[in-house]
Amino acid sequence: MVRRNLTAAVLSGVLAVSALAGCGGNGDDAGSGSGDGGDGKITLGFSQVGAESGWRTANTKSIQESAKEAGIDLQFSDAQGKQENQISAIRNFITQKVDVIAFSPVVTSGWDAVLKEAKDADIPVILTDRAVDSQDKSLYKSFIGSDFVEEGKKAGQWLVEQSKGKPGPINIVELQGTTGSAPAIDRQKGFAEAIAADPNLKVVKSQTGDFKRADGKTVMETFLQSTPDIDVLYAHNDDMGLGAIEAIEAAGKVPGKDIQIITVDAVKDGMTALADGKINFIVECSPLLGPQLMDLVKKTNAGEEIPTRVLTEETTFTQEQAKEALPTRQY
Ligand code: GYE
């Protein structure tokens, strides 16, 4: 497992015992506690946001499967949406002396102290999926994930195109992701920038649905009650859009027709609703970050320089494109 432990253990002549002692916590893996001390494997501590959406489930699967394939010992910890859980998981990883730490920060702020602790312990950190707002870029080695501002822009640009020649005002309601998270901040920003091109397009309500289906439903219910003339829903992820569809149908309206719906992610459930005509447009955000992450973990553990930013490539889907893509969709 842990390179540093191994060196220390060899020196002190208590290889197996010493190496095992460092490997407790929330390991998910056959490796822990079964003599992995001498196997030379890299240990990766990963703190996941939670299980709030289909995207997150696919992301967790990708990370777990690719760690296994890469022969990396994964210490996986689920923070259940709480920053304090992520901070204590990272502190645990530092105590365990894992080789590399990766995490998907639930919100952007408040990471400097714990990142400094990792740096002082000489453990490289890779941000996965979401960014932090730390000014000191030396606190982490790399950030792998999507450009969320760009995603918001793509959503807005599509709407600008669709709305050409239509009489205004066009009333938009927005379901934001988790408050303070990079994708919520950036998807709101990119969308607002794009729709500024058409003064007819107006965001009349904007509230968080925490990236969850149930919250998307309840917030949409309140939107429908307070705002009778909603033309468009922009949801920062598929799950909230899917919850909102239930609320729209319960209110006797037709999703995709009475209210146009734009979402982000393109997970299978979202793509199915798009193909069925209930969603109108989806901006893709790929959760399949595992293989690239493992590659970076190996390289940084070997002391190689790694790129400070690894950008995920993604596309967009109309209803027709969703029908074509669905049969071979991986997530
Ligand atoms: O879009 C959403 C998830 O951080 C990109 O988090 C991720 C977002 C994703 O809950 O569904």
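Helices here are DSSP runs of H or I with at least four residues, strands are E runs of at least two, and both are numbered from the N terminus. This is a predicted model, in which local features need pLDDT of at least 70, side-chain atom pairs count only at pLDDT 80 or more, and totals for chains, interfaces and linings use all residues. Residues are numbered from 1 along each chain as its sequence is written, and side-chain values use heavy atoms, with hydrogens and water left out.

**Stop 1: Thr 60**

Select Thr 60. It sits in helix H3 (residues 54-70). Thr 60 is buried, at a relative accessible area of 15%. Buried means under 20% relative accessible area, exposed means over 50%, and partly exposed is in between (1.4 Å probe, protein chains only). Now show the neighbours. Leaving aside residues up to four places away in sequence, Thr 60 touches Gln 48 and Phe 76. Contact means heavy atoms within 4.5 Å.

**Stop 2: the whole chain**

Zoom out. The protein chain has 12 helices and 12 strands. It has 331 residues, and 53% of them count as buried. Take the contacts in the protein chain with a separation of 6 or more: 75% of them are between residues 24 or more positions apart.

**Stop 3: Gln 80**

Go to the loop between strand S2 (73-78) and H4, where Gln 80 lies. Check its backbone. Phi of Gln 80 is near 50°, a positive value in a residue other than glycine. Is Gln 80 buried or exposed? Gln 80 counts as exposed because its relative accessibility is 60%.

**Stop 4: H4 against H5**

Select helix H4 (residues 83-96) and helix H5 (residues 112-120). Their axes are 10 Å apart, and the packing angle is about 10°. Axes are lines fitted to C-alpha atoms, for helices over the stretch in contact, and angles run from 0 to 180 degrees between N-to-C directions. H4 and H5 are therefore roughly parallel to each other. The classes are: under 35 degrees, roughly parallel; over 145, roughly antiparallel; 65 to 115, roughly perpendicular; the rest, oblique.

Show the side chains. H4 brings Ile 87, Ile 90, Arg 91 and Ile 94, which meet Val 114, Glu 117 and Ala 118 in H5. The residues of this contact of H4 with H5 divide into five nonpolar, no polar and two charged. Ala, Val, Leu, Ile, Met, Phe, Trp, Tyr, Cys and Pro count as nonpolar, Asp, Glu, Lys and Arg as charged, and the others, Gly among them, as polar.

**Stop 5**

Move to the loop between helix H6 (148-162) and strand S6 (170-176), and pick Lys 164. Lys 164 is exposed, with a relative accessible area of 56%. Which side chain does Lys 164 join in a polar contact of 2.9 Å? The partner is Glu 161. A polar contact is a pair of N or O atoms within 3.5 Å; within protein, one must be able to donate a hydrogen and the other to accept it, and residues adjacent in sequence count only if both atoms are side-chain atoms.

The peptide bond from Gly 168 to Pro 169 is cis, with omega near -10°.

**Stop 6: H8 against H9**

Select helix H8 (residues 213-226) together with H9. The axes lie 7 Å apart and the angle is about 45°. That makes H8 oblique to H9. H8 passes H9 in a right-handed crossing. A crossing is left-handed if the near helix is turned anticlockwise from the far one by less than a right angle, and right-handed if clockwise.

Residues of H8 in the contact include Met 220 and Leu 224; those of H9 include Leu 242 and Ala 247. By class, the contact of H8 with H9 has seven nonpolar, two polar and five charged residues.

**Stop 7: H9 against H10**

H9 passes H10 in a left-handed crossing. Asp 238, Leu 242 and Ile 245 of H9 make the contact with Asp 269, Gly 270 and Ala 273 of H10. This contact of H9 with H10 has three nonpolar, one polar and two charged residues.

**Stop 8: Ala 266**

Finish at Ala 266, in the loop between strand S9 (260-265) and H10. Ala 266 is not a glycine, but its phi is positive, about 70°. Ala 266 counts as buried, at 0% relative accessibility.
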